[in-house]
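Here is a short briefing on how the chains of one assembly relate and meet.

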Protein chains: 4
Amino acid sequence: MIDVALFGAGRIGQIHAGNLVRQPDVRLKYVIDINADAARALAARFGAEVTTTERALADGAVRAVLIAASTDTHSDLIARAVSARKAIFCEKPVDLDLARARACAAAVTAAGVTCQIGFQRRFDPTFNALKERMTAGAIGAPELLVITSRDPAPPPVAYIAKSGGIFSDMLIHDFDICRWILEDEVVSVFAAGSCLVDPAIAEAGDIDTTAVTIRTRRGRLCQINTSRRAAYGYDQRFEVLGARGLLQAGNHRPTEVTLAGGDGIHSDKPEAFFLERYRAAYTAEIAHFFAALQSGTPVRCTIDDAVKAQELADAATRSWREGRIVALQPA
Amino acid sequence: MIDVALFGAGRIGQIHAGNLVRQPDVRLKYVIDINADAARALAARFGAEVTTTERALADGAVRAVLIAASTDTHSDLIARAVSARKAIFCEKPVDLDLARARACAAAVTAAGVTCQIGFQRRFDPTFNALKERMTAGAIGAPELLVITSRDPAPPPVAYIAKSGGIFSDMLIHDFDICRWILEDEVVSVFAAGSCLVDPAIAEAGDIDTTAVTIRTRRGRLCQINTSRRAAYGYDQRFEVLGARGLLQAGNHRPTEVTLAGGDGIHSDKPEAFFLERYRAAYTAEIAHFFAALQSGTPVRCTIDDAVKAQELADAATRSWREGRIVALQPA
Amino acid sequence: MIDVALFGAGRIGQIHAGNLVRQPDVRLKYVIDINADAARALAARFGAEVTTTERALADGAVRAVLIAASTDTHSDLIARAVSARKAIFCEKPVDLDLARARACAAAVTAAGVTCQIGFQRRFDPTFNALKERMTAGAIGAPELLVITSRDPAPPPVAYIAKSGGIFSDMLIHDFDICRWILEDEVVSVFAAGSCLVDPAIAEAGDIDTTAVTIRTRRGRLCQINTSRRAAYGYDQRFEVLGARGLLQAGNHRPTEVTLAGGDGIHSDKPEAFFLERYRAAYTAEIAHFFAALQSGTPVRCTIDDAVKAQELADAATRSWREGRIVALQPA
Amino acid sequence: MIDVALFGAGRIGQIHAGNLVRQPDVRLKYVIDINADAARALAARFGAEVTTTERALADGAVRAVLIAASTDTHSDLIARAVSARKAIFCEKPVDLDLARARACAAAVTAAGVTCQIGFQRRFDPTFNALKERMTAGAIGAPELLVITSRDPAPPPVAYIAKSGGIFSDMLIHDFDICRWILEDEVVSVFAAGSCLVDPAIAEAGDIDTTAVTIRTRRGRLCQINTSRRAAYGYDQRFEVLGARGLLQAGNHRPTEVTLAGGDGIHSDKPEAFFLERYRAAYTAEIAHFFAALQSGTPVRCTIDDAVKAQELADAATRSWREGRIVALQPA
């Protein structure tokens with residue numbers, strides 16, 4: 001039996017809790033949240049106990065922590081969990097400060113603890129099936145990747161102001177997809193951006209529409225186009241070209257109903273937002289984490305992957321701010 | 001809190017158990033199965049108790065029974081549950097013998113107990129969304145319904161021999177869809193059929209490929225085409241035409257991956273079979289049943305609906321066997 | 001060089017004229033029409049001469065006639081062209097009277113002249129590609145054929161009253177598709193029908209919505225569903241199931257534009273009506289006719305095919321009127 | 001009647017000839033080609049006369065010239081046609097040398113003659129319908145354009161060596177689409193490129209895979225991804241995002257056949273290459289040119305549009321060669 005301490009009883013914490021209790025031989029032992037009501041409600045629902053960070057980490061029975069608290073707590077909680085030698089599942093990002101994220105990753109590596117970061121898209125059934133077919137040779141080596149990543153509507157400007165910027169907040173997932181699919185390290189990033197959705201976003205020092213180009217060591221190319229607004233829903237597609245063909249990952253729809261009327265053929269918009277679109281992915285990443293713990297195999301999405309995605313986000317931010325192509329340090 | 005007794009610990013019983021324990025204020029109290037091992041395993045998994053039919057029905061705390069045992073037990077268990085004044089959720093069919101099914105339905109009505117039959121397709125997200133749009137007037141009144149219903153592969157001939165025949169075993173769901181979508185009662189049925197998949201099916205007195213035509217009181221028409229074999233998976237589509245347009249319910253796919261290669265564009269086959277295709281529907285029908293119990297509202301798919309579907313199956317069987325159009329009794 | 005006489009300068013005659021002048025070594029020599037203005041205009045456009053039936057058939061240089069005049073002239077013109085030993089391309093139907101159609105076909109066979117009937121759908125690129133794949137073994141032998149055939153809107157009731165009824169006027173094309181795809185002769189027909197679109201159609205003795213079931217010697221089944229009204233355009237689809245899979249022929253769209261908006265995903269309706277949908281087919285059938293003449297090979301769609309489609313239309317009409325299954329004579 | 005002189009009797013010249021003779025009141029009078037056999041064959045087919053450039057331009061009856069000769073003759077023939085005051089339809093590019101192209105455009109403007117450049121994609125039914133819907137306000141102002149433009153296979157290296165490079169030879173059409181759809185002038189271009197298809201292309205000083213980012217005055221963004229190789233055919237798509245939604249132009253398929261088999265659902269690859277894909281566009285651009293001449297209205301795709309597309313191609317080439325973002329001169 002794996003006993004787990006969950007940090008963060010908010011929306012994503014609740015999702016992870018619901019998924020982890022369904023894993024065989026996994027038990028939610030503790031819930032920790034500065035919001036006592038939230039902690040109590042979640043603990044009650046799954047038969048867990050509300051406690052403090054100190055006591056949770058001090059409990060030798062706790063083999064794993066699940067960090068779903070606010071972003072600014074991540075690297076500190078990771079560090080403390082490393083010291084306590086717990087296996088770690090942590091939401092992205094490790095830390096908006098790249099140096100601290102790197103230090104955190106180094107500590108994880110030095111201690112040899114398992115640490116999976118919540119890039120759930122790698123566990124999406126569609127994305128995952130695409131990757132498997134690519135690995136099986138369906139299109140040969142990847143050459144060109146095009147990622148379309150658009151949110152249905154921008155978050156509140158107050159959120160944006162503290163988000164670390166669109167590249168760290170929104171495209172970090174796309175940067176991870178880029179590395180995962182192109183199977184190569186990045187040598188340069190160019191990011192163009194505009195504020196076309198809401199001038200208040202520009203006033204907050206950010207942009208809402210971006211066009212990023214990435215080049216890898218082997219000359220593979222990736223284009224990412226994003227917007228904070230897609231009137232038709234959450235648009236999450238990518239396609240990868242190889243010598244022998246093209247693999248495309250399309251949007252998921254709530255239903256397969258089509259209406260043919262006098263004014264055309266109408267079908268469903270994509271799933272509304274990330275909680276709907278990636279529901280299966282959230283389930284699968286938690287199952288993967290505990291299965292890896294139980295079998296002693298490595299996790300698919302490590303803290304080093306997270307650091308590299310953050311490096312791309314930082315490079316893209318500099319590229320956009322300084323209007324130039326940014327070369328990445330050799331690894 | 002609603003305490004529930006579950007009859008039948010087989011595959012479909014396990015699915016229902018998993019769904020009912022997720023309902024708020026619903027508890028699985030008893031599991032009853034002639035296979036003691038199966039009963040014990042299922043009871044253990046959900047913290048329930050293995051018991052006998054007599055004791056489960058005698059327990060006044062049990063408000064609802066869920067009948068997922070073998071077909072030949074359904075009408076008897078319904079009758080006993082009616083006597084014990086339990087709310088009933090029962091898998092289809094009520095009884096392969098139409099007279100017994102009718103008697104059962106009459107007893108339910110006389111007692112005034114809630115009884116929902118497991119035509120899960122009415123709860124499928126796609127089918128349900130289609131029905132809602134039709135009800136909202138998207139195409140006007142329905143005129144013509146075309147149902148495509150094909151299994152991936154025939155069941156063992158031993159199963160077929162005891163199944164009641166393709167119309168009772170397989171098309172009964174389509175007959176229910178027909179009544180649900182056309183919103184009218186049937187006046188005549190014509191069923192053509194052939195054995196094209198496996199001669200052993202003909203030797204067992206059945207067919208594997210059918211083409212049924214149904215006409216309703218208002219002259220609405222329905223065509224159902226079925227096969228016991230579809231090499232590409234479980235094919236579950238229908239479309240309904242009205243004065244203002246067409247509503248189509250398409251197949252669901254496991255993923256949205258597309259491969260474009262030198263020999264064409266390739267996408268996923270439909271979901272493999274009914275457990276995959278109707279997973280959400282199984283969840284939704286159980287949620288509906290308990291929500292109806294809790295709120296005191298009627299259930300969407302009654303035992304009378306089940307009897308009427310069985311009448312259509314019987315009429316289709318006679319039509320096919322006798323090579324003639326069969327008129328239905330006025331209701 | 002093949003000199004051609006064209007009977008009928010109306011809409012379909014103009015289409016055929018435009019297609020035949022594009023064939024290598026084919027020349028439009030004569031146009032014959034009781035409407036002298038229409039004949040003159042068409043002749044002028046393509047450098048042809050207006051003449052009479054007698055003179056056109058008496059001209060030894062004329063090797064082929066193309067009959068696109070009104071339906072009631074077809075069998076007489078075919079008979080006269082046979083006597084004059086001209087190759088014949090004639091629009092469907094041969095004759096609404098089945099006995100006269102059969103006599104006409106017998107005369108053609110006895111004389112050994114080439115005679116192609118204008119079932120243009122056999123030459124549609126999509127339908128033709130489907131047939132080729134089926135012949136190449138893509139799905140094995142055909143078992144079940146479902147044809148959806150719906151007009152965008154009913155013709156004037158005055159037209160319907162003289163049309164020979166929906167089965168002869170509209171479904172005759174579908175009956176030809178049925179024989180062409182199932183590659184087997186029909187043993188029985190059942191046709192259900194309703195008048196749901198316009199009561200004036202019932203007053204004219206016809207129906208507007210039909211559901212036909214056909215069974216062949218080998219037990220293959222075909223369902224045809226039709227309506228005189230589809231608010232979303234001309235709906236022309238069919239699908240054929242075999243042991244190894246399914247082949248589907250979908251609608252053609254004017255453009256491949258998709259609009260994703262706040263209320264869903266919208267794409268084009270199908271092509272508006274038969275002139276648009278079957279434009280390529282009209283071109284291909286004329287090219288086929290003259291290529292067959294020039295190479296001395298048989299035509300793909302003979303007068304016997306047309307007689308058999310008419311037999312099915314007559315059987316379906318009787319089935320609908322008499323409310324019974326109609327068996328066809330052995331060939 | 002408009003008499004036309006056609007320069008160039010090669011493949012594209014033949015297509016234009018076939019289209020122009022179908023225009024009302026338009027006649028092909030002369031064919032000029034250094035390949036005398038090709039000129040004779042084409043002239044004979046359409047009843048035209050083989051002649052020299054001098055005599056064609058000296059013939060006062062010739063109102064329009066159609067330039068489909070080799071690229072290096074374009075600007076000279078345009079200049080001579082301007083002097084002779086003929087209306088001009090010329091294939092792209094005006095001149096691979098941007099200064100000469102600009103001089104040519106200035107001469108056209110000064111003389112006030114009609115001059116349409118053959119960017120046929122603006123006349124494609126799908127692209128044109130998309131543009132019309134955008135103009136009608138379907139998505140609001142354009143914000144983000146993503147163009148996918150991939151050839152089925154690279155041309156011979158000998159061709160590439162003389163082509164002016166991938167940006168001038170292949171992406172010039174995409175640059176024109178970019179300006180046409182974004183409805184704004186470009187301020188900067190960044191082009192990344194790799195040679196991943198065939199090392200011989202790199203040896204010829206070119207690349208085969210590109211990723212271009214364009215920014216306009218109003219901050220609109222465009223990403224273009226291209227490859228000289230797409231194993232699945234000619235891939236020609238674009239999509240444009242606005243505040244109210246997304247418009248997508250998809251590929252065209254030869255047929256609408258779908259095969260559902262044991263290994264998935266298979267549909268047609270896109271049309272094979274530009275002659276098939278843009279067949280309707282070639283017809284429409286010629287019809288547009290002569291309709292404009294006859295009505296005295298401006299043409300939709302002017303020599304200035306061509307110069308601006310060439311400016312983008314030059315800027316992209318510099319960006320790729322020098323590894324930097326290239327700013328465009330203010331117009």
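Predicted model: local features only at pLDDT ≥ 70, side-chain atom pairs only at ≥ 80, totals over all residues.

**Shared surface of chains A and C**
- Of the interface residues of chain A, 100% are also interface residues in chain C, so the copies meet through the same surface.

**Extent of the D–A interface**
- Chain D gives 40 residues to the contact, and chain A gives 40 residues.
- About 3000 Å² is buried between chain D and chain A. Carbon and sulfur atoms give 60% of that area.
- Three residues, Glu143(D), Leu196(D) and Gln223(D), supply 17% of the area that chain D buries against chain A. That is more than any other three residues.

**Polar and charged pairs**
- Six salt bridges are counted between chain D and chain A.
- Arg237(A) forms a salt bridge with Glu239(D); their closest N and O atoms are 2.9 Å apart.

**Make-up of the chain D side**
- The strands β7 (142–150), β8 (186–194), β9 (209–216), β10 (221–227), β11 (235–242) and β12 (245–249) of chain D each supply at least two residues of the side that touches chain A.
- By class, that side of chain D has 15 nonpolar, 14 polar and eleven charged residues.

How values were computed. Residues numbered from 1 in each chain as written. Chains lettered and ligands numbered in written order. Heavy atoms only, no water. Contact = heavy atoms within 4.5 Å. Buried area = accessible area lost by both parts, 1.4 Å probe. Salt bridge = Lys/Arg side-chain N within 4 Å of Asp/Glu carboxyl O. Helix = DSSP H or I, 4+ residues; strand = E, 2+ residues; numbered from the N terminus. Nonpolar A, V, L, I, M, F, W, Y, C, P; charged D, E, K, R; others polar.
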